[in-house]
Amino acid sequence: MLANSTRGFLWSDVETRTLLNIWGERDIQTALGGNFRNSHVYRDVARRLGIMGFERTPEQCRVRIKSLKRQFILAKEGNLRNNGQYHKICKFYDAMETILNCRPQIDPQELLDSGAVGDETEEEVDTDPPQDPYLESTGESSYPETQVKLEYPPIPVTVGNILEHSSLGTAACRGMDDILPLVKNIVPQLTSKKHKGQYGRIGIIGGCQEYTGAPYFAAISALKVGADMSHVFCAKAAVTVIKSYSPELIVHPVLDSPNAVEEIEKWLPRLHCLVVGPGLGRDEMLLKTAKEVIEKSKARDIPIIIDADGLWLVAQQPSVIQGYKKGILTPNYMEFTRLYEAMHHEPLDSSDHQRSAMELSVAMGNLTVVLKGEDDLITDGNKGILCRQEGSGCRCGGQGDLLSGSLGVLAHWAYTSSADMTKSVNPSVVAAFGACSLTRQCNRQAFHKHWRATTTTDMIQEISSAFKKLFES
């Protein structure tokens, strides 16, 4: 049977039912019922799943079972069975009920509070000599205790706080020292030998009748960071307004035209990066155009930043960007919750943002996710960085557009840099750390001047000095 290469992506119904059939077998349940150290059991589950044609790691199997258990408990404890709605929360309720009814009673509150029960408590493989009661009592050897590389390891988080070393500890400082030089190294040197366009041509997909400021903020931020040209592809109703904001922007009123995709596609060979979402709105026609433009851009292998209403599009149709390594998502917490629940079909556990962000990244095919918040969390599913560059308590509208516009430029520089970046460092992560740090520094400097009156326009005026301070000092 041919393997179904689905590692890191959503589980299909057929794959999930196959997993449940294996997990529900008597020998598996017996092993799990009396054993808290269970990595060897899930290795066997993954092996049996592979025989059936589905390629999954032991840890992916464990995480999927954990998710199904939580859905089952939420449905059962929510008293939803009487009105027949429990299948909306737990599609596999009947199968789970059959299996779990044969096991020791589960404490629902313990499961919902801790996110783990019984066989879900082990997060790392223990390298000590095995003390497995199941193996000792039965003499079975089908579950050898050997080390397993986990698909969902506890996320290694590097703390990047450029201005405050003392409170972070030695390990955190080493991580910071690793990432900041990489950001500096991707910044191209200014030279008279370059010509217009070589430092970056950035495209912004967004701008409609209701939202004209967001695409402007993203486009002008790209120019201020160092791009040579910014193109805004917007709806006709927005073009005059956006043009009036700045003569530096190239504005195309084509986003809602009948042949919008063709009009935008002819510009793609000239663009180095695409930012999709600022001011896009949720009109079906505009979203459809944005989706097709993303597909065309992926074929040209250029970095794509998804922000704002572009994230709404991804939540509805994840396949539009799923698996594209040069895709970068920049959600705030509300947008992140929508994306996570759309991908995992279960409520977001808000107690562990780091792990949840990693799981979303892996589910999306190891895209880089930038979870904006008190600390910006950046992850590509393999490692994570917390950007703790000092900002301020003022969260003005448009700050995310400054980030996405600057990220577009930095992503282009990161992917085309001749700097000796190690293979273990994702260029998208480097660019994202730089954009988050820059946005926070701009916010801090503007806040010191304007206090509560700080706006994104004030922050944009600080880009030049903030950039120089962070990356050219």
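This section describes the overall make-up of a predicted model and then several of its local features.

The chain contains 20 helices and 10 strands. Of its 473 residues, 57% count as buried. Contacts across the sequence were also examined. Among contacts between residues at least 6 apart in sequence, 69% join residues at least 24 apart.

Aromatic rings were considered next. The count of aromatic pairs comes to seven, with ring centres required to lie within 6.5 Å. One of these pairs is formed by tyrosine 216 and phenylalanine 217, whose ring centres are 5.6 Å apart and whose planes make an angle of 50°. This pair is classed as tilted, because the tilted class takes the angles left over once planes under 30 degrees apart are counted as stacked and those over 60 as edge-to-face. Tyrosine 216 has a relative accessibility of 17% and therefore counts as buried, the cut-off being under 20%. Phenylalanine 217, with a relative accessible area of 15%, is likewise buried. Together with Tyr245, the residues Tyr216 and Phe217 form one aromatic cluster.

Another arrangement is found for tryptophan 413 and phenylalanine 467. The centres of these two rings are 6.4 Å apart and their planes stand at 80°, so the pair is edge-to-face.

The charged end of arginine 56 sits over the ring of tryptophan 11, at 4.1 Å from the ring centre. Arginine 282 lies over the face of tryptophan 312, and here the distance to the ring centre is 3.9 Å.

The packing of helices can be illustrated by one example. Two packed helices are described by the angle between their axes and the distance between the axes. For helix H15 (residues 333-344) and helix H16 (residues 353-363), the angle is about 55° and the axes are 10 Å apart. The crossing of H15 and H16 is left-handed. On the H15 side, the residues that take part in the contact are Tyr333, Phe336, Leu339, Tyr340, Met343 and His344. These meet His353, Ser356, Ala357, Glu359, Leu360 and Ala363 of H16.

Two single residues complete the description. Glutamine 399 lies in helix H17. With a relative accessibility of 14%, glutamine 399 counts as buried. When residues up to four places away in sequence are not counted, glutamine 399 touches Cys394, Thr439, Asn443, Thr456 and Met459.

Valine 251 is located in strand E4 (residues 250-253). This valine is buried, as its relative accessible area is 7%. Neighbours within four places in sequence being left aside, valine 251 is in contact with Val232, Cys234, Val239, Ile242 and Lys243. Valine 251 and lysine 236 are 15 residues apart in sequence, and their C-alpha atoms are 9.9 Å apart in space.

Definitions and conventions: Residues numbered from 1 in each chain as written. Predicted model: local features only at pLDDT ≥ 70, side-chain atom pairs only at ≥ 80, totals over all residues. Heavy atoms only, no water. Phe/Tyr/Trp six-rings, centres within 6.5 Å; stacked < 30°, edge-to-face > 60°. Buried < 20%, exposed > 50% of the residue type's maximum accessible area, 1.4 Å probe, protein only. Lys NZ or Arg CZ within 6 Å of the ring centre and 35° of its normal. Axes fitted to C-alpha atoms, helices over the stretch in contact; angles between N-to-C directions. Helix = DSSP H or I, 4+ residues; strand = E, 2+ residues; numbered from the N terminus. Left-handed = near helix turned anticlockwise from the far one by under 90°. Contact = heavy atoms within 4.5 Å.
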